[in-house]
Amino acid sequence: MSITLTLRILRSRRDVMPHYETFEVSVSDAANVLDAIEQVWAHRDRKLMFRHACHHASCGTCAVRINGREKLPCIVPVADYSGKPLTIEPLRNFDIVGDLVVDMAKFFQNQQASDFVITRPTENELVGKPIAYTGGMDPESASTIPFNRFENCVECGICLSACPTMAGDHKFFGPAGLAAIKRQLDKTTDPVERKRLLELADGEHGVWRCHSAWECTEACPQQVFPAESIMALRKEITKKHFRELFGK
Amino acid sequence: MSLIPHVIVIGAGSTGSATAHDLALRGLRVTVLERGEIASGTTGRNHCLLHSGGRYCVNDKEGAIECIRENLILRRIMPHALELNDGLFVAVSDEDLAFKETFLAGCAECHIPAREIPVRQALEIEPFVNPDIRAAVQVPDGVFEPWRFCASFLATAIKNGAAVRNFTEVKDFIFQGHTVTGVTVLDHRTGETETLGADMVVNATGAWAGIIAAMAEVDVPVVPTAGVMVTIGERFNNMVINRMHLPHDGDIVVPIRNTSIIGTTSWRVTSPDAIEIPREQIDSMRQAGELLMPILKAGRQRGIMAVARPLISKANADARAFSRTFEAYNHRSQGAAGLVTISGGKTTTARGMAEKVSDIVCGELGIDAPCKTRTTPLVSYREFYN
Ligand SMILES: Cc1cc2nc3c(=O)[nH]c(=O)nc-3n(C[C@H](O)[C@H](O)[C@H](O)COP(=O)(O)OP(=O)(O)OC[C@H]3O[C@@H](n4cnc5c(N)ncnc54)[C@H](O)[C@@H]3O)c2cc1C
Ligand code: SF4
C-alpha cells in the first residue's frame, strides 16, 4: 500500500538563505524516511542535496534530524510517524555544504587522528551461540586468517550533532573521535602508542570538556556508547597522571 | 595550459572511483564529476559481496575468473575496507546435492580455492544455518563497505592530484566537430552552470551509462536490471551463506557488521532512479532466505532497498543469464572521439574495469603508462576529506 507523506525540508545553499520547503510524496507503507527523501529528489526537485549510499546503516552518510532528533533515515520506517508531517534538517554543529549535506572533513580528521582501524577481530559467538572456529582461509597460502568485523561506529556524525558541548566548543574533539581513541586503546598494548592516544584524549579540547550530558550515547544508532568511552578515558588518564606524579 | 592531458570521469561509483585512481596513478590530470554523494548510485546499495567467483563458476566462468583475480588484489590493496569471513555454499535439497560436483569442478576450473567441510562442522561454525543442509563448501568470499570502497580509491586519486567534485551533475557534452572536448555541468552547491574542458571523457555512470551516452548521441547497450535486498537488524551468520545452485532469487545472505542482508532478485526497469519495490518480491525473497537460515523469519526487518545493475545486453536473453562481465566502448567510431564508456561488471571487478578503460584512454592520448593499481595500496578512505 502506498501512503502520502508531507516532508518539510530545511533548504540552503551558498547563495540561498535557509528556509523550509514543503513537499508531498507518495511512498510504500514499508518505506523508510530515506526513501521518502529520495522520492522528493526523484519526482519533486532534482536540486535537493542529500547524502546517501548503502541504505542499510552501514555507510553512515545519510544522517539528518527528523522532527528535531538525529537519525539515520535509512532505518527509520515512515510508519513510525503514522502519516504526520516530517521536518527534515541537516545535522547541527557542522558547516552546511547545501540543504541536508554537511561538511564531514573535520570529523574524519578526528576519526583518523587515533589511526582508528575500522575492523576488529570477531567474537567467538553469534547472537549468544558459540562459533566453533574463528579463522578463515587465506586464498594465497595454506594458513588461516582471523575472522573480522567492521567496528560498530559507522562514522555518521549523529553524536556530534546531539552533543551540547560541541554546540559551545566547535573545537571539541567530539564523542565519535573520543570513542575511536578508546577503541584503538583497547586494541593496542604498545606503551608508546597508548601514551600518544591518552595524550590525544587529554588535550585542551578533549575528554575534560565533556559535560556528561550522555546525549551522544542516547542518539547513537549503533550502540557505540561514546559517553561511556569518554568516562573510561578519563579514568585511564587520571591513572596515568597519578603514576606520573607518584611513580608506579 | 598544462601539458598533462586532462581526463574527466563521470560517476563516482565503484567504476568511476577506481578509474580516477588508475588514471591519476598513470600521471594524468583527473577530475571526477558525480551528481550526488559518492556511491549514491548502484554501488552504495549493492549486496556488499566481495565475490570469490563461486556464484558464477558454473554459468559464467569468465565472470568468475575475473572475480577471484580481483578479490585477491583487493585483499592486498584495501584491507581496511573489507570484512574477511569467507563464504559457505550449502546444499539444502537433493537437487543442490547433485549440483555439488559440478560446483566443485567449476571452482577448480576457475581457480577458486574451495574446500568441502562436513555438515556437522559447518553447523558448528554457522549455528543458524538450516540444520537439514546436505553439504557445505567454503570459499574465500568477503564483504566490502561500498561507500568506503569508493572513498578509498578516490582518496588515493586525490593524493595523486585528482579533483573530485561531488554534487556536480553533467548536463551535456561539448563537441568540436566529431570530438568531445568537454562537458557542461550544474554544480548543485552553487547552483551555477559551468563548462569544463577535457582531452578525454570517461562515462562511468553504470546503469545510467545509456542516458549519458545519449547526451553525446551515441549508444551503449546497457539494460538497467533491478534487484531488491532486505536487511535484517541482527547478524545471524559469520560467513556469507550462499545456496549451492545456479544463481536464483533470494539465495544469498550477506552479513555485514551487525546486520544480515538477504538478496536478491532481478527484473528489468525503464529508469534506474528511485525504483519502486514490488511487495511480492520482498515476500518471496524472505521465504527463500529463510530456507537457508530459518531464524531469519524471526528477524526484525531493518530496511529494504532496490537498485539497478548495469547489465550489458548481448542477446535477447533472460535478465539473469546476461554476463556479469563488463565492456568498454570507444565512441570514436560512432562520431564521438574523446568519449569512452565503461559499464557492466561488479564492484568486485571495479579495479579491473578501470584498468581496461584507462588503457583505452592512454591509447587514445598516445601515452605509454603502465597500470600500477594491482600492487599500489590505497590510503584510508578518511583521507577523501583531507
Ligand atoms: C541488487 C544488486 C546487488 C549487487 N550486489 C553486488 C555485490 O554484492 N558485489 C558486487 O561486486 N557487485 C554487486 N552488484 C553490482 C555492482 O553494484 C555494480 O556493478 C556496480 O556498483 C556498478 O558501479 P558503477 O560505478 O559502474 O555504477 P554506479 O555505482 O551506479 O555509479 C554511477 C554513478 O554515476 C552517477 N551519475 C549518473 N548520472 C550522472 C550525471 N549526469 N552526472 C554525474 N554523475 C552521474 C550516479 O549518481 C552514480 O553514482 C550488485 C548490483 C545490484 C543491482
Ligand atoms: S559513535 Fe554512533 S553516533 Fe557517533 S559517529 Fe559513531 S555511529 Fe554515529
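Predicted model: local features only at pLDDT ≥ 70, side-chain atom pairs only at ≥ 80, totals over all residues.
View 1. As background to both details, most residues other than glycine have a negative phi, and most peptide bonds are trans.

**View 2. The interface between chain B and chain A.** Here 64 residues of chain B are in contact with 62 residues of chain A, and the area buried between the two chains is about 5500 Å², of which carbon and sulfur atoms give 55%. Arg257(B), Arg302(B) and Arg382(B) supply 15% of the area that chain B buries against chain A, which is more than any other three residues supply.

View 3. Between chain B and chain A, 27 residue pairs are in polar contact, counting pairs with both residues at pLDDT 80 or more. Several elements of chain B, namely α2 (61–77), β4 (82–83), α4 (119–125), β7 (135–139), β8 (142–144), α5 (146–159) and β19 (301–312), each supply at least two residues of the side that touches chain A. Of the elements of chain B, β19(B) gives the most to this side, with four residues. Sorted by class, the side of chain B that touches chain A has 28 nonpolar, 15 polar and 21 charged residues. Seven salt bridges are found across the interface of chain B and chain A, and Arg279(B) forms a salt bridge with Asp29(A), in which the closest N and O atoms are 3.4 Å apart.

**View 4. The surroundings of ligand 1 in chain B.** There are 36 residues around ligand 1, and those that come nearest are Thr15(B), Glu34(B), Thr43(B), Leu49(B) and Thr348(B). A polar side-chain atom of Thr348(B) lies 2.7 Å from an oxygen atom of the ligand, while a backbone N or O atom of Ser14(B) lies 3.2 Å from an oxygen atom of ligand 1. On the nitrogen side, a nitrogen atom of ligand 1 is 3.1 Å from a polar backbone atom of His47(B). The protein covers 97% of the 1000 Å² of accessible area that ligand 1 has on its own. Two or more residues of the shell are given by each of α1 (14–25), β10 (168–176), β14 (222–232) and β19 of chain B, and the largest share, four residues, comes from β19(B). By class, the shell around ligand 1 has 13 nonpolar, 18 polar and five charged residues.

**View 5. The surroundings of ligand 2 in chain A.** Ligand 2 is surrounded by 14 residues, of which Cys153(A), Cys156(A), Gly157(A), Cys159(A) and Cys220(A) are the closest. The shell around ligand 2 has 11 nonpolar, two polar and one charged residues by class.

**View 6. A salt bridge within chain A.** Over all chains, the count comes to 46 salt bridges. Arg11(A) forms a salt bridge with Glu21(A), the closest N and O atoms being 3.0 Å apart. This pair links distant parts of the chain, with Arg11(A) in strand β1 (residues 2–13) and Glu21(A) in strand β2 (residues 16–28) of chain A, 10 residues apart.

Methods
Residues numbered from 1 in each chain as written. Chains lettered and ligands numbered in written order. Heavy atoms only, no water. Contact = heavy atoms within 4.5 Å. Buried area = accessible area lost by both parts, 1.4 Å probe. Salt bridge = Lys/Arg side-chain N within 4 Å of Asp/Glu carboxyl O. Polar contact = N/O pair within 3.5 Å; in protein donor to acceptor, adjacent residues only side chain to side chain. Nonpolar A, V, L, I, M, F, W, Y, C, P; charged D, E, K, R; others polar. Near = heavy atom within 4 Å. Areas by Shrake-Rupley, 256 points an atom, 1.4 Å probe, with all protein chains shown as cover.
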